[in-house]
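Please keep the sequence and the model in view while reading the points.

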Amino acid sequence: MTVPIHLENSNSIEYVIRIDKLPNLHFNSKVAIITNPTVAKLHLEKLLSKIKSKDLSIVTIPDGEEYKNLNTIVNILDNLFEKKLDRKSLLIAFGGGVIGDMTGFTASIYQRGIDFIQIPTTLLSQVDASVGGKTGVNNRFGKNLIGTFYQPQAVYIDTDFLKTLPTREFSAGMAELIKMAVMFDSNFFNFLERDNLTSKKSLEKAIARSVELKAWVVNQDEKEAGVRAVLNYGHTFAHVIENETKYKKFLHGEAVAIGMVMANLLSYKLKLISLNEIKRIEKLLIRHGLPTKYKIEDIELFYNKFFLDKKSANNKIKFILPKGIGNYEVRDDIDRNIVQDVLKQFSEVYKR
Ligand SMILES: NC(=O)c1ccc[n+]([C@@H]2O[C@H](COP(=O)([O-])OP(=O)(O)OC[C@H]3O[C@@H](n4cnc5c(N)ncnc54)[C@H](O)[C@@H]3O)[C@@H](O)[C@H]2O)c1
C-alpha cells in the first residue's frame, strides 16, 4: 500500500509513504543511518541487509526523550562532518518519533539541507510522527519548540518492526490512530471496533488509513494554519496532565487517551456528541490498554495550565471536540464554568 503526499503550497513537494515489507534500497550517495542502541540491537542487522550504498555510516545516539535536545543535534552534526557527508548525502531516520524528529531536523540544517528518509519503528511514529514533516527538539522552555517543517524523500513503514515494541508503546500509538478515526472517519472507527488488529493485514490496513487521513490533513495545511490543529484532539487536556505528572507517569499517547475522554465529555455537555458515542470511544481506548481515568486535584490550577499551551492564543483556550464520531468542531469560546464542570467530574475519582 502506498499513500502519496503532495504539498502544493510548498514548491509542490511530492513523495510516497509505503506500508509494506521494507524493500531493498540502493543509493549512489553517502548515507548515514541515525538510530539508538535499543533499535540498533533489535533491527539494525535487518536494515543493513536491505541497504546498498557506496559509503554507509551509522550514528548512534542515546535512547530517550531527555536526549531530544540541541546537544544531541550538535553531536550528530559533528559525526556527519567527521564522516564528510556532503550536500548530496542522505540521512535515514531509523527508530521512533524521537529519532525521526531529530534526524529530520538535522537533515534540514546540515549544509542548509540534505535529503532524508524515514523508517519508523514504533506505532506512534508510523501513524503520526513520520508523516507531515514536523521536525524538532525540546529545550527548557518546552517540547518541540525548536524545529523546522522539512519533508522526507520517502517513508517506509514495515509493521514487522513492531513485533518487538513494548505493549505500552504500542497502545500509545493506538491512541493517535483512534484519534484520527474519531475526528475524520466514522467507517474507520467502525472497522476499529470490529477488528482488534491482531493480524498483519488488518494492522497494515489501519495504519494505512490513519496515514492517509493525516496526509490528507497535511496536504491541505502543512504549517498548521487551520485543519492541522484538529490533530490536537485530546492534546489540550493531555498537555496539562503531562505537566502535572512531570512527564513521568504517562506516555504521551496515554495522556492523549485521557485527554480525549475529557474532550468527549465537554463535547457531550455542548450537545455535539451522544452519550452512546462517547462510551464507544472510551471502550475502544480501554480495549487497547489505554488509561481513561485521571484524578484532578485542583480544578483551578488545572484550568489555568491550559494557558501554558502554545496553541492557546490571545488568552483563549482552543478545544478540538468530536462532533459525533467522524467529525469535529474547533471551539475557543467555551464558557469557563462549562469547562470547569467537566473537570469537576474528574476531581472525584472520575464520578460519571
Ligand atoms: N513530528 C511529528 O509530527 C510528531 C508527531 C507525534 C509525536 N512526535 C514526537 O515523537 C516522539 C515520540 O515518539 P515515540 O512514541 O516513537 O517514542 P520514542 O522514539 O522515544 O520510542 C519509544 C521507545 O521505543 C523504542 N523502540 C523504538 N522502536 C522499537 C522497536 N521496534 N522495538 C522495541 N523498542 C523500540 C525506542 O528506543 C524508545 O525507547 C516525541 O518526541 C514526540 O514529540 C512527533
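The points below discuss aromatic pairs, a cluster and a charged side chain.

1. The model under review is predicted. It holds 13 aromatic pairs, and two of these pairs are discussed here.

2. In the pair of Phe81 and Tyr110, the ring centres are 4.5 Å apart. The planes meet at 40°, so the pair is classed as tilted: planes under 30 degrees apart would count as stacked, and those over 60 as edge-to-face. Phe81 belongs to helix α2 (residues 70-82), whereas Tyr110 lies in the loop between α3 (97-109) and β6 (115-120).

3. Tyr110, at 0%, is buried.

4. Phe237 and Phe306 form an edge-to-face pair, with 5.4 Å from centre to centre and 85° between the planes. Phe237 is in helix α8 (residues 235-244), and Phe306 is in the loop between α11 (299-305) and β10 (319-322). This pair also links distant parts of the chain, its members being 69 residues apart. Both Phe237 and Phe306 are buried.

5. Phe237 and Phe306 also belong to one aromatic cluster, together with Phe250, Tyr294, Phe302, Tyr303, Phe307 and Phe319.

6. A charged side chain deserves a separate remark. Lys46 lies over the face of Phe161, at 4.5 Å from the ring centre.

Technical notes. Residues numbered from 1 in each chain as written. Predicted model: local features only at pLDDT ≥ 70, side-chain atom pairs only at ≥ 80, totals over all residues. Heavy atoms only, no water. Phe/Tyr/Trp six-rings, centres within 6.5 Å; stacked < 30°, edge-to-face > 60°. Helix = DSSP H or I, 4+ residues; strand = E, 2+ residues; numbered from the N terminus. Buried < 20%, exposed > 50% of the residue type's maximum accessible area, 1.4 Å probe, protein only. Lys NZ or Arg CZ within 6 Å of the ring centre and 35° of its normal.
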